[in-house]
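Hi everyone, thanks for coming. Let me put the structure up, and then I'll talk you through the chain fold and some charged pairs.

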Number of protein chains: 4
Amino acid sequence: MTHGTESTRVHPAPAGALCDAFRQVRSWTEHLAAPLSAEDQVIQSMPDVSPCKWHRAHVTWFFETFVLKPHVPGYREYHPDFAFLFNSYYVSLGDRHRRPERGLVSRPSAAEVGAYRAWVDEAMVRLMSDADDALLATIEPLVVLGLHHEQQHQELMLMDIKHVFWSNPLRPAYRDETPPVAVPDEVQTEAWLTFDGGRFMIGSDIGSGSFRFGEFAYDNEGPRHEVLLGDFRLATMPVTNADYLAFIADGGYRTPALWLSDGWDRACAEDWQAPLYWEQRDGQWWHMTLHGMQPVDPRAPVCHVSFYEAQAFALWAGHRLPTEAEWERVAAEVPVSGNFVASGALRPVPPAAEADAPAALFGDVWEWTASPYTPYPGYRAPAGAVGEYNGKFMINQMVMRGGACVTPQSHMRSSYRNFFYPHMRWQFGGIRLAADA
Amino acid sequence: MTHGTESTRVHPAPAGALCDAFRQVRSWTEHLAAPLSAEDQVIQSMPDVSPCKWHRAHVTWFFETFVLKPHVPGYREYHPDFAFLFNSYYVSLGDRHRRPERGLVSRPSAAEVGAYRAWVDEAMVRLMSDADDALLATIEPLVVLGLHHEQQHQELMLMDIKHVFWSNPLRPAYRDETPPVAVPDEVQTEAWLTFDGGRFMIGSDIGSGSFRFGEFAYDNEGPRHEVLLGDFRLATMPVTNADYLAFIADGGYRTPALWLSDGWDRACAEDWQAPLYWEQRDGQWWHMTLHGMQPVDPRAPVCHVSFYEAQAFALWAGHRLPTEAEWERVAAEVPVSGNFVASGALRPVPPAAEADAPAALFGDVWEWTASPYTPYPGYRAPAGAVGEYNGKFMINQMVMRGGACVTPQSHMRSSYRNFFYPHMRWQFGGIRLAADA
Amino acid sequence: MTHGTESTRVHPAPAGALCDAFRQVRSWTEHLAAPLSAEDQVIQSMPDVSPCKWHRAHVTWFFETFVLKPHVPGYREYHPDFAFLFNSYYVSLGDRHRRPERGLVSRPSAAEVGAYRAWVDEAMVRLMSDADDALLATIEPLVVLGLHHEQQHQELMLMDIKHVFWSNPLRPAYRDETPPVAVPDEVQTEAWLTFDGGRFMIGSDIGSGSFRFGEFAYDNEGPRHEVLLGDFRLATMPVTNADYLAFIADGGYRTPALWLSDGWDRACAEDWQAPLYWEQRDGQWWHMTLHGMQPVDPRAPVCHVSFYEAQAFALWAGHRLPTEAEWERVAAEVPVSGNFVASGALRPVPPAAEADAPAALFGDVWEWTASPYTPYPGYRAPAGAVGEYNGKFMINQMVMRGGACVTPQSHMRSSYRNFFYPHMRWQFGGIRLAADA
Amino acid sequence: MTHGTESTRVHPAPAGALCDAFRQVRSWTEHLAAPLSAEDQVIQSMPDVSPCKWHRAHVTWFFETFVLKPHVPGYREYHPDFAFLFNSYYVSLGDRHRRPERGLVSRPSAAEVGAYRAWVDEAMVRLMSDADDALLATIEPLVVLGLHHEQQHQELMLMDIKHVFWSNPLRPAYRDETPPVAVPDEVQTEAWLTFDGGRFMIGSDIGSGSFRFGEFAYDNEGPRHEVLLGDFRLATMPVTNADYLAFIADGGYRTPALWLSDGWDRACAEDWQAPLYWEQRDGQWWHMTLHGMQPVDPRAPVCHVSFYEAQAFALWAGHRLPTEAEWERVAAEVPVSGNFVASGALRPVPPAAEADAPAALFGDVWEWTASPYTPYPGYRAPAGAVGEYNGKFMINQMVMRGGACVTPQSHMRSSYRNFFYPHMRWQFGGIRLAADA
């Protein structure tokens with residue numbers, strides 16, 4: 001897999017291929033929302049969470065605002081107030097509804113949001129189908145960006161509905177049926193892979209040019225640039241629930257010396273005793289999943305831990321977290337496959353160990369890195385509203401890598417930089433250990 | 001209208017009459033909920049507000065808990081978790097769902113709450129129909145209490161949905177059609193009625209005995225007792241929007257000397273410039289109503305003011321608020337009629353002035369009194385969970401009297417004591433002036 | 001003791017008597033501050049507390065502002081910024097330093113505040129000594145008001161320094177020597193006195209006229225007016241620590257049914273387990289006093305309880321709190337004597353029981369009444385800044401009566417109305433029970 | 001200046017030299033406290049600020065705890081409670097007084113803290129003077145660490161007292177006399193220096209070994225390691241007030257596109273319009289200094305800006321902030337001299353431009369870098385309480401470099417890593433621009 005070295009593009013994707021990608025991503029959103037009632041879609045259980053209905057409308061507003069309005073002559077907005085309601089954080093696009101109040105909006109209804117989606121879908125497909133090559137070359141990057149944007153929100157929809165259902169004392173399940181999980185004969189947790197240091201290229205330049213759906217990168221993944229690494233080791237497997245239970249049993253949550261100072265303050269203030277969504281029933285650990293409350297599987301990767309917990313665990317284990325450069329240097333040589341959303345598991349599953357290769361590097365859980373989310377050397381945010389996408393968040397957050405069991409596989413790549421505040425736990429975040437060689 | 005002097009009851013109401021009252025009150029709740037979608041019914045726009053669905057279920061839980069469980073042998077609860085979800089504040093009945101989290105519960109759905117209501121209704125009607133006189137005598141007070149409790153929540157449903165819709169930037173209307181309002185030829189605002197002082201009986205003793213639906217009083221209305229009043233005057237009319245606009249124009253919201261200290265702090269902290277729900281558009285005052293945004297009618301009684309605003313207005317006007325004893329001494333001689341919920345206006349309307357009689361003493365707006373909500377002499381809260389109904393709130397609140405345009409007429413009487421914290425504004429609260437004679 | 005019936009005054013007090021009262025009150029303030037270092041005088045341990053230095057300056061500013069500036073031609077302020085720093089809450093007198101920031105002011109120093117006091121004292125004495133009768137008649141009410149104001153702050157100084165020292169982990173003592181306390185042979189706690197009901201006059205009209213130092217009342221004590229009381233009983237003694245320990249032992253702090261709802265919320269939020277300043281050491285209750293940590297004396301009146309605790313205790317004991325009218329009807333016939341600040345005890349002491357008379361009605365502890373602090377019938381706040389003294393606080397607070405062990409005796413009278421929010425505990429507040437006869 | 005390559009140490013410093021350094025640092029602390037009254041020393045104007053008296057005692061506690069107690073047989077603590085009061089954040093050393101309550105402690109007095117200092121000083125000097133070589137080798141690293149620790153608190157004392165005095169409406173001056181400042185003929189603000197990229201060593205290994213006072217580094221400065229830099233440019237001069245005024249005038253504080261999202265939220269919430277301590281009087285900018293309120297000097301480096309402001313300014317100027325590696329690569333070749341605390345200026349002064357060399361790289365203002373404060377590769381926190389010194393703060397903060405006008409010169413070196421949260425402004429923080437070459 002090569003990145004960004006050839007950013008020259010001769011001609012746009014055929015309109016048909018773009019339409020297909022568009023229809024596929026858009027219909028997957030509706031597929032994910034299908035198990036939810038109108039009432040489920042209106043709840044905002046904490047400020048970080050958005051109602052499902054809002055996600056469905058916001059990604060639609062993105063296409064309407066950045067593609068349809070500028071490129072369809074005489075385009076009529078579906079509703080004049082939707083720009084106010086469904087703009088997320090694009091300050092340059094005018095006033096927005098306050099984020100913590102997204103859950104106060106019973107109307108438009110989920111059904112009307114569905115109609116809004118259909119209206120925009122029809123206009124989009126007509127635009128793409130009728131476009132000549134020049135227009136197609138202009139809109140393709142925006143469409144592709146919009147589709148990746150929608151894929152991000154697909155993951156957020158699942159993260160958010162999990163939190164919504166956990167906030168309900170009845171603990172309803174998002175899906176009732178639990179698909180069978182293939183469990184490996186043996187889970188090998190203490191194996192390590194060793195990598196030589198040196199000078200390596202990381203990142204991607206695709207984000208700065210035009211792109212096809214399958215050849216996309218965000219601006220924050222570039223510029224591709226050289227890094228200097230020492231020799232290091234990376235754990236073959238992510239940290240499992242069994243590993244993490246040992247940390248809990250050893251007093252990990254009661255030992256301040258293991259914790260960063262800010263993390264200890266947060267853990268005390270919120271009385272952390274275990275990962276988010278865990279609770280003890282009759283001495284047994286259970287956790288909330290998208291299939292309802294389930295016993296914690298000791299062989300599965302631990303999930304819903306904050307950076308603070310990941311760092312404390314790593315220190316307790318005598319190791320450390322990998323930097324994002326170390327992670328990418330390894331991941332660039334590994335195929336992007338694993339337990340993604342299409343598996344239907346919707347939770348991390350025990351990974352199959354392989355000889356001489358990292359297991360579950362992609363999928364299952366986002367892996368916390370030791371790297372703060374900062375711009376790569378030479379990074380410049382693009383001009384205009386699209387420039388607000390990533391750059392302005394480059395402070396106070398930590399990079400996560402690899403995607404999770406709620407991520408669409410086609411959304412993932414080795415250079416992908418996800419980012420969360422170190423105290424956050426509602427994303428599907430886990431741990432992979434590293435060490436100096 | 002006489003109060004409490006004859007509390008002896010020979011025999012219970014005929015079961016049929018009780019069933020009729022039950023069916024009437026219960027169906028009115030559903031009538032009020034009918035314009036609302038399932039999504040409308042799940043929103044909690046501030047901690048004081050409860051979702052409409054919660055109201056519909058909570059009043060049902062009341063009958064299930066206090067009537068069906070103790071009196072129907074082998075009664076099976078509709079759902080084992082509903083007692084947790086729909087108990088409001090009865091500490092003695094076990095754990096409750098935290099009040100500010102009522103808006104996080106998408107399930108049970110509004111439809112399932114409807115099924116719950118039907119289940120309980122059927123059991124209630126069967127119980128009442130089959131009851132012998134002894135059982136009827138036992139359950140009648142509980143049924144009647146439950147019906148008055150449900151009427152209180154009918155008013156809360158309207159107060160709350162108004163706040164919910166106001167919290168939505170689209171400002172939807174609860175009902176689209178605005179019924180025509182009969183406007184009097186002339187509104188006379190500066191007339192006063194004079195009353196002699198002396199010793200008067202106020203309050204009601206009904207609450208301490210058994211009762212019929214039409215002869216009910218809450219425990220907090222008793223004991224009936226003697227009070228000593230000086231000569232006083234009472235304004236014929238409630239304060240109108242025109243009066244209140246003069247207060248605003250004269251700098252009422254910018255003159256600390258008019259305000260109680262706590263009120264001034266609150267007004268500054270929340271930047272009060274007008275009653276709740278008011279906003280200026282192009283120099284004109286509009287306000288949110290249950291029929292959507294409407295221009296402020298200068299002839300209608302001012303509404304949605306706090307006690308602090310009422311007190312500041314009265315001081316500005318050179319008068320004062322009446323005590324609850326003064327108010328009741330006048331109201332006891334006035335028929336309980338006015339602009340109640342059944343009129344469909346759902347907002348205060350310009351009252352018709354009458355010679356020598358107070359106008360709109362009942363209905364339109366709850367009238368703030370100068371009286372803190374404290375127990376009457378000799379008051380004792382009843383034993384058991386029902387005893388938590390009123391007594392434990394007798395601190396830090398002020399008494400309001402007379403009912404409003406969202407109150408059921410059969411719920412009102414001259415001894416009725418409503419109570420709110422002095423900063424609260426989402427109830428339909430207005431002002432009537434008093435003065436020493 | 002007669003009240004307010006003869007408000008006509010023929011001639012002012014002799015200047016000498018006024019000067020004597022002035023010197024006496026002013027020097028007592030400095031006497032109280034004498035044990036405190038400059039550092040002790042700068043601390044504000046919570047927003048309700050003011051630094052001792054601030055009290056000493058604020059009461060001085062009162063004389064400078066209301067007496068010297070208007071009545072001494074060419075008077076030069078001691079410092080142009082002091083009006084900003086030492087105005088407490090007189091909105092009409094211009095901007096003030098924010099109350100919670102009083103503890104941030106190291107300069108002016110305590111010594112400079114002493115110089116400010118001396119400057120004002122000298123000007124005041126000169127003014128009073130040189131005044132002719134007309135001027136004396138004009139300034140006497142202001143001087144007397146200022147002296148009573150200063151006496152209030154003398155009590156606040158002791159309340160506040162107690163809290164300051166309690167906030168210091170070293171728990172220093174305000175005074176080291178503990179004066180011997182005469183202990184009665186027997187403490188009789190369960191005796192009651194019975195009073196007939198009827199129509200009674202309460203309150204004082206002195207506040208509305210001119211006054212001498214010994215014949216003073218605040219505006220909030222008037223107008224004197226008639227009240228209607230039922231027959232009632234009043235406990236001979238205030239509730240003792242032994243009584244209160246029984247309440248604690250019986251689970252008083254864990255029984256929500258005893259508490260007002262707001263009180264229970266507060267008790268839970270702040271984890272109340274005992275009165276303020278109490279702590280358990282090796283199974284024994286100790287409490288902070290102005291003489292440092294001391295064992296709790298079971299025979300002494302309980303102190304530092306909130307209204308919420310007083311009300312819960314009364315309900316637990318099967319009785320109630322007296323109304324302020326009941327309290328005053330009894331107190332008007334009792335001499336104003338007891339354990340006041342001059343005794344040097346600085347804490348409640350076991351009262352001597354007397355036959356057929358209430359013990360410790362004055363002094364020891366302020367007694368919570370069941371009465372919200374509201375204006376008496378016909379009350380009007382005086383015009384101007386002095387009118388901000390009392391009236392604007394007539395909401396959300398409860399009346400306390402009788403004075404405490406930190407109150408100057410000459411400051412107390414049977415009509416005196418003190419007031420605190422029901423959650424407050426740092427004042428010397430205790431309990432006396434009442435019951436219907 | 002070489003770093004860490006020769007960490008072998010043959011013999012300790014002569015005791016005399018260590019004693020001299022000890023006396024010098026300790027007496028400088030008292031020199032800095034000398035202008036402050038006892039009352040000045042007790043104030044804590046915000047949680048980040050500590051009272052001066054606390055600083056003086058805390059640094060003394062450090063020597064008592066880490067040197068005297070372990071190494072003086074039979075050493076008697078000065079006061080048994082001081083360990084509780086004056087431990088800052090060493091969790092492993094037991095309970096501590098809560099940080100936000102440091103301002104509540106009037107006792108021990110400033111004078112008693114002085115006696116505590118004298119007691120510890122005497123014991124320290126005796127210990128060092130009497131020590132044989134073995135003991136000296138053991139204690140020297142602790143003494144040296146303690147002295148550098150005290151130097152940090154010397155800077156904090158000045159930062160904190162500035163905030164304390166600014167919180168006083170009278171705005172007192174720490175020192176009255178303003179020393180004359182030599183102003184260069186011409187201030188050249190737009191000059192740049194260009195540096196080639198490549199592989200460079202940064203950091204220091206001294207921190208991991210033993211050390212003399214003049215050869216010290218903290219653990220967080222190591223391990224010394226190789227970094228890879230691109231070609232870059234660095235501004236010759238720090239950003240001046242004139243530059244910053246242009247940013248303000250151009251709407252810098254009103255342009256969200258210039259700001260990181262978290263920074264914009266903070267700026268809005270706290271209504272930032274200019275650096276901390278600035279205020280406009282009659283259209284002219286003044287700012288609080290340690291010499292009281294002064295007009296802003298356009299030629300001096302801007303100071304008291306947060307990272308957020310620094311980043312917004314850099315983006316507005318079309319450049320960026322340097323990384324800490326770039327900064328150190330330049331600074332390692334520059335002598336450590338500049339406007340440090342000993343100059344007495346106590347504020348940034350207009351720097352003299354030099355040809356081909358960076359001006360004011362050391363002293364004047366700490367320079368924000370673009371680097372989050374994270375561990376260097378291979379960093380391990382030392383074991384024990386000393387290990388809590390730096391490592392546990394390596395999250396959510398940004399690195400600042402170079403020292404300021406309140407820093408002791410002997411405390412500074414090119415590898416020194418200071419760190420603050422990006423919103424903090426009370427430290428003497430400024431801006432130097434960088435750019436890609």
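Let's begin with chain A, whose secondary structure comes to nine helices and 12 strands; helices (H or I, at least four residues) and strands (E, at least two) are DSSP runs, numbered from the N terminus. Please keep in mind that this is a predicted model, where local features need pLDDT of at least 70, side-chain atom pairs count only at pLDDT 80 or more, and totals for chains, interfaces and linings use all residues. Residues are numbered from 1 along each chain as its sequence is written, chains are lettered from A and ligands numbered from 1 in the order in which they are written, and side-chain values use heavy atoms, with hydrogens and water left out.

How does chain A compare with a compact globule? With 437 residues, such a globule would have a radius of gyration near 22 Å, and chain A agrees, at 22 Å. That radius is taken over C-alpha atoms, and the globule rule is 2.2 Å times the number of residues to the power 0.38. Along the principal axes, the C-alpha atoms of chain A fill a box of roughly 65 × 55 × 40 Å. Of its 437 residues, 59% count as buried (under 20% relative accessible area; exposed is over 50%, partly exposed in between, with a 1.4 Å probe and protein chains only).

Now, the charges. Side chains of opposite charge can pair when their charged atoms come close.

Take B:R401 and B:E328, which meet at 2.9 Å, N to O. This pair links distant parts of the chain, with B:R401 in strand β9 and B:E328 in helix α9, 73 residues apart. Both of these residues are buried.

Which residue of chain D pairs with C:D40? That is D:R107, with the closest N and O atoms 2.5 Å apart. C:D40 is buried, because its relative accessibility is 0%, while D:R107 is partly exposed at 24%.

Back within one chain, C:E367 and C:R432 form a salt bridge at 2.8 Å, N to O. C:E367 lies in strand β8 and C:R432 in the loop between β11 and β12, so the pair ties together parts that are 65 residues apart in sequence. Both C:E367 and C:R432 are buried.

Conventions. Salt bridge = Lys/Arg side-chain N within 4 Å of Asp/Glu carboxyl O.
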